[in-house]
2 protein chains.
Amino acid sequence: MRVFSDEPLSQALPRARLTEFRSPSPAELAILASLAGPVQSVARHRTIRREGDRPQSVYMLVEGWVLSSITLADGSRQILKVHLPGDILGAPSIALDRAAETLTALTPTRLRTIGLSALGGLFTRAPHLAALLFLSAQQERVILMDRLCSIGRTSAECRLAAFLVHLHDRLKLITPDVGARFDHPLTQEQIGDIIGLTAVHVNRVFRALEDRKLILREGHGIELLDMAALRKLSGVPARTLAQDLSWLPKPLD
Amino acid sequence: MRVFSDEPLSQALPRARLTEFRSPSPAELAILASLAGPVQSVARHRTIRREGDRPQSVYMLVEGWVLSSITLADGSRQILKVHLPGDILGAPSIALDRAAETLTALTPTRLRTIGLSALGGLFTRAPHLAALLFLSAQQERVILMDRLCSIGRTSAECRLAAFLVHLHDRLKLITPDVGARFDHPLTQEQIGDIIGLTAVHVNRVFRALEDRKLILREGHGIELLDMAALRKLSGVPARTLAQDLSWLPKPLD
DNA sequence: CGCAACGTTGAACGACTTCAAAGTGAGTGG
DNA sequence: CCACTCACTTTGAAGTCGTTCAACGTTGCG
């Protein structure tokens with residue numbers, strides 16, 4: 001589920017995009033805008049919600065990067081998702097009594113809160129929008145499934161390649177004119193927590209990919225020198241979203 | 001999303017359970033029953049749907065075990081989910097142009113097909129049911145997230161313990177009187193494909209758990225001798241489903 | 001009964017981790 | 001402006017966990 005907007009949704013309806021599947025109708029966007037709370041700012045490294053908290057809302061990320069993570073019994077951490085602007089945060093935990101995931105602002109961040117009752121109201125007031133949300137949840141399942149394959153069955157090089165390609169693809173959705181080079185705020189330790197490696201080994205694998213002329217690093221910028229090779233190395237097939245959505249309920253006018 | 005029934009749903013409404021969250025109303029069950037096709041039988045080891053196929057429906061598993069898997073470029077396989085009776089199969093792929101997952105009957109299986117247009121109709125005709133489906137998808141995300149932690153950050157013993165405990169918990173939902181001992185149709189190679197290990201190592205870890213008196217094996221039966229220790233070993237916290245669902249739309253009468 | 005799939009075990013290997021230490025760079029206070 | 005600090009990166013060396021390869025045992029099904 002992606003809801004992109006530079007400004008509070010109520011002020012920037014034309015640019016808002018609800019999902020990667022299909023743009024919601026203006027009437028639906030108006031509903032969505034009325035559901036979400038005001039834009040709030042969160043400072044870098046601040047926790048938006050901690051695992052174990054009672055999940056009382058989801059969040060719409062307006063700007064910034066947010067990490068969703070779980071800390072295990074032994075203290076190690078798995079980062080579940082790197083959230084980018086337009087993402088809905090915290091949705092998995094609404095199925096639970098206690099939130100599974102901790103949400104942490106990686107950069108200065110702006111977001112809007114959507115209460116559960118507002119979300120629930122969507123299912124009666126805007127069935128088409130609800131169906132898009134449902135589809136988006138299924139898409140997130142596919143993303144997790146692909147990561148499970150990557151972490152469970154491929155080498156460190158493949159995993160890093162898969163992560164970089166996936167991240168680049170998602171950045172391109174937000175900024176279509178992004179080239180092969182992009183900046184990110186992640187440390188190598190965080191990248192390790194994403195793809196299930198130690199920071200030390202992430203560093204070695206970065207070097208290996210650089211030596212193979214597949215990528216180029218400078219500070220927190222990365223250039224993907226050979227997208228085709230990286231994508232092939234990643235091992236996971238590229239996914240194309242469903243085109244035929246004629247089975248969805250009719251959008252509101 | 002779980003829809004348990006021994007018989008075609010239309011014949012066994014009282015026992016049907018739509019989700020783990022809340023039972024759908026009779027009117028909703030009638031709608032669901034009217035959407036799904038007739039019960040079909042699938043022989044052991046038959047493919048229900050192959051990755052790459054166009055996703056045109058989801059399936060409701062009435063009886064039997066089904067594996068959902070992805071085969072990687074190098075030929076290795078990751079099993080994404082072991083489906084049990086009551087599960088909805090194939091839902092993630094409805095977000096895609098081409099199915100991500102292959103569905104294979106592990107045992108003789110009975111299932112019902114639900115076409116996409118039927119599924120879409122649910123969002124207007126039964127918003128409460130649609131919301132339950134949405135919640136169920138979020139729950140599946142949490143399950144995948146927990147597995148990502150398990151595979152990404154824990155040892156082979158922890159992974160196997162986590163898998164056994166999770167499987168036992170799910171069997172208990174279907175057969176509440178199941179004890180510490182249960183049967184399963186999985187080979188060690190398949191278990192390896194679930195938790196990201198080789199068959200050889202799965203064998204060794206089984207032996208290790210047995211030596212530690214945590215489990216006991218006889219053929220395809222497993223007894224969990226010390227649930228508390230296994231759960232602790234698994235590293236992943238037990239999840240409690242949301243209790244307060246007052247924010248959902250009102251059920252149909 | 002015979003075959004094929006599955007399970008078990010040993011030994012060698014390799015990928016990744018762990019531990020340790022030094023290098024780099026951005027931010028802060030004197 | 002410089003020195004200091006802290007977080008992050010980089011590199012080496014040793015160790016461990018899981019894989020790979022190979023062989024043999026076991027089971028169940030046609």
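We begin with Val205(A). This is a predicted model, so keep that in mind throughout. Is Val205(A) buried or exposed? Buried, because there are 22 C-beta neighbours inside 10 Å, and the cut-off for buried is 20 or more. Val205(A) sits in helix H6 of chain A. Leave aside residues up to four places away in sequence, and Val205(A) touches Ala156(A), Glu157(A) and Leu160(A). Now take Ile194(A), 11 residues apart from Val205(A) along the chain. Their two C-alpha atoms are separated by 14 Å.

Next, the DNA, strand by strand.

DNA strand C has 15 residues around it. Which come closest? Ala156(A), Val200(A) and His201(A) from one chain, with Thr187(B) and Gln188(B) from the other. H6(B) gives the most, with six residues. By class, the surface near DNA strand C has six nonpolar, six polar and three charged residues.

Now DNA strand D. Helices H5 (188–195) and H6 of chain A, and H6 of chain B, each put at least two residues into the surface near DNA strand D. Which helix provides the largest share? H6(A), with six residues. That surface divides into six nonpolar, seven polar and three charged residues.

Let me step back to chain A as a whole. Its secondary structure comes to seven helices and 11 strands. The radius of gyration of chain A is 18 Å, close to the 18 Å from the globule rule for 253 residues, so chain A is as compact as a globular protein of that length. Along the principal axes, the C-alpha trace of chain A spans about 55 × 40 × 30 Å. Of the 253 residues, 49% count as buried. Take the contacts in chain A with a separation of 6 or more: residues 24 or more positions apart account for 70% of them.

How is chain A divided? The domain assignment gives domain 1 (9–145) and domain 2 (155–234). Their C-alpha centres lie 25 Å apart. The contact between them takes 12 residues from domain 1 of chain A and nine residues from domain 2 of chain A. On the domain 1 side, strand E5 (residues 77–83) of chain A gives the most, with four residues. That side of domain 1 has six nonpolar, four polar and two charged residues.

There is also a record to set beside this. In an unreviewed entry, UniProt places "domain: HTH crp-type" at residues 154–228 of chain A. The end C-alpha atoms of that span lie 18 Å apart. The span is 56% helix and 15% strand.

On to the two protein chains together.

Last, two backbone details in chain B. Most residues other than glycine have a negative phi. His45(B) is not a glycine, yet has a positive phi of about 75°. His45(B) lies in the loop between strand E1 (39–42) and strand E2 (47–49) of chain B. It counts as exposed, because it has 10 C-beta neighbours inside 10 Å.

Where is Lys213(B)? In the loop between H6 and strand E10 (215–218) of chain B. Lys213(B) is exposed, with 10 other C-beta atoms within 10 Å.

That's my tour. Over to you for questions.

Key
Residues numbered from 1 in each chain as written. Chains lettered and ligands numbered in written order. Predicted model: local features only at pLDDT ≥ 70, side-chain atom pairs only at ≥ 80, totals over all residues. Near = placed C-beta within 6 Å. Nonpolar A, V, L, I, M, F, W, Y, C, P; charged D, E, K, R; others polar. UniProt positions renumbered as here; feature names shortened; annotations may be inferred. Domains from an automatic or database assignment. Contact = placed C-beta atoms within 7 Å. Rg over C-alpha atoms; globule rule 2.2 N^0.38 Å. Buried ≥ 20, exposed ≤ 12 C-beta atoms within 10 Å, placed from the backbone.
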